[in-house]
Every structure is written in C-alpha cells, then in structure tokens.
Amino acid sequence: MSERLEDTVEHHHDHHQHDDDGTAVDAQAFWDARYGERTRIWSGSANRALVDEVEWVKPGHALDLGCGEGGDSLWLAEAGWMVTGVDISETALARAQEESTARGMGEDDVLWLHVDLARDFPAGTYDLVSACFLASNIPLPRAQILRQAAAAVAPGGMLVVVSHASAPSWAGNHHHGPADFPSPEDELAALDLDETAWEITTAEIRSREAQGPDGERATLEDTVVVAIRH
C-alpha cells in the first residue's frame, strides 16, 4: 500500500473478522467497505522506505503485496518495472486500475490481481517482492505470507518488508499488541531465511516525517527488512 493519509495500524486482509454479536464478516467485504468510506484512503505516494531501497535497482519484474490503491505499484511501473499488484479489495483495485489507465499504462506496465493472500498467492518468481505495511486488525497468517513472498523472489532478486515499529501519535488510546509492531528481529524470525541462500542487507528501524489526519506533523518509526537472494 502507499503512504497513508491517516496512519493508523491497519491494512491487509484475512478470511473473517467478527461483529460484536459474533457474526463472521467476510474479509473482502470488510476491506471493500473500508475503501468505500472515502474516494481515496491513502495518499497515492510510494512508501519512502521502498523508494530508498529500490530507486537504484535495475528494473525487472516486481510483485507488490497488498497494493491497495496502487501508490507503490505505480511508482515502480513509472521507474521501469513490470509490476503485478495484488489486493483483496476490488474497490481498491478499481481505483488503482483507473489511475494506471489515466497515466497511459497497460498490463505490460502493471497488472492488477484480486487475491486473498490468506488463501492464495500469485504464481511465478519476481526480481522484487515488496510487502509494505502488511498488517491487519483482523486475523492474518502474516508469517506464512512473508515466507511465500521470500519463496517468490528470483535468484539475485530483492525482498523488501516494511512495517510499523510503533503507533503514530494520533492513534489515541487504541490498544495494540506487540504483534502490531514487529521489530527487525521479529521480521527475520517470521521470514526464517536460509542464511546460505540470502544476504540480509537491511534490518533496522527508520524514522520518517508524516502528516496525520488533522494535518498534524509527527515522526513515525518503521521496521525495514531487505534481503537479497543469492
């Protein structure tokens, strides 16, 4: 997904959450409703950590997991990558498709796929696989998805995983557990990469400036993990 207009700690998708009466809610319906709250949820800009890590890399085939409205995917496509952007929300994908069409892009530039990553994963291998803010306020087999993401990286390719390292100042008193803010060590443990097959080039917490939903400025912290497959 792209940089947020309102940087709360939610994104991505799994099978169901439950309403207060215990009724299961379909994940796609949940996220379509979330994106339907406004005409745009995210800023449309690419995530800063992804840009910093990838802008020097020779373009190839890229997979953007949880692409949302397409900010990261569109930036990659304009940088020369052939991109596959996947998300569970058809509402988000329709906006991404509209934007890519408006920019004169076709499927050779960026292909939008409707995928529930909790149940399925795109086929093939990629020179870049990115998972930016792949988290959720409903159940998500995140470690499983991250390992699938690593398996989809071609030899010589790059894996980029970015997550919130702490809550934004405007999140209020909402309860968040440790799993909401994985450390670099947590991410590496979830990925469980074979050290003989991978080089970990980055595993750190980075700070960035951001603007909250009411225009307030703040410094946010992100966990950034980057690995290169031998």
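Helices (H or I, at least four residues) and strands (E, at least two) are DSSP runs, numbered from the N terminus. With that in hand, let's walk through the chain, which has six helices and nine strands. What you see is a predicted model, in which local features need pLDDT of at least 70 and side-chain atom pairs count only at pLDDT 80 or more, while totals for chains, interfaces and linings use all residues. Residues are numbered from 1 along each chain as its sequence is written, and side-chain values use heavy atoms, leaving out hydrogens and water.

Let's begin with the chain as a whole. A residue is called buried under 20% relative accessible area, exposed over 50%, and partly exposed in between (1.4 Å probe, protein chains only). Of the 230 residues in the chain, 52% are buried. The accessible surface comes to about 10400 Å², and carbon and sulfur atoms hold 48% of that surface; such areas come from the Shrake-Rupley method with a 1.4 Å probe, and for residues only the protein chains shown count as cover. Next come contacts, meaning heavy atoms within 4.5 Å. Among contacts between residues at least 6 apart in sequence, 73% join residues at least 24 apart.

Now let's look inside. A nonpolar core is a set of buried Ala, Val, Leu, Ile, Met, Phe, Trp, Tyr and Cys residues joined through side-chain atoms within 4.5 Å. The largest one here has 25 residues, and those with the most contacts inside it are Leu65, Leu117, Phe121, Val129, Leu159 and Leu191. Two or more residues come from each of β3 (61-65), β6 (126-132), α5 (142-151), β7 (153-164), α6 (184-191) and β9 (217-229). Helix α5 gives the most, with four residues.

Aromatic rings come next. Rings of Phe, Tyr and Trp (its six-membered ring) pair if their centres lie within 6.5 Å; planes under 30 degrees apart count as stacked, over 60 as edge-to-face and the rest as tilted. The structure holds one such pair. The ring centres of Phe30 and Trp31 are 5.1 Å apart and their planes stand at 85°, so this pair is edge-to-face. Phe30 is buried at 16%, and Trp31 is buried at 0%.

A few single residues complete the tour. Ile41 sits in the loop between α1 (27-35) and α2 (48-54), and is buried, with a relative accessible area of 0%. The C-alpha atoms of Ile41 and Glu69 are separated by 8.0 Å, although these residues are 28 apart along the chain. In helix α2 you will find Asp52, which is partly exposed at 34%.

Finally, which loop holds Phe133? Phe133 lies in the loop between β6 and α5. Phe133 has a positive phi of about 55° although it is not a glycine, and is buried at 3%. Asp192, in the loop between α6 and β8 (198-211), has a positive phi near 50° and is not a glycine either. Asp192 is exposed, with a relative accessible area of 60%.
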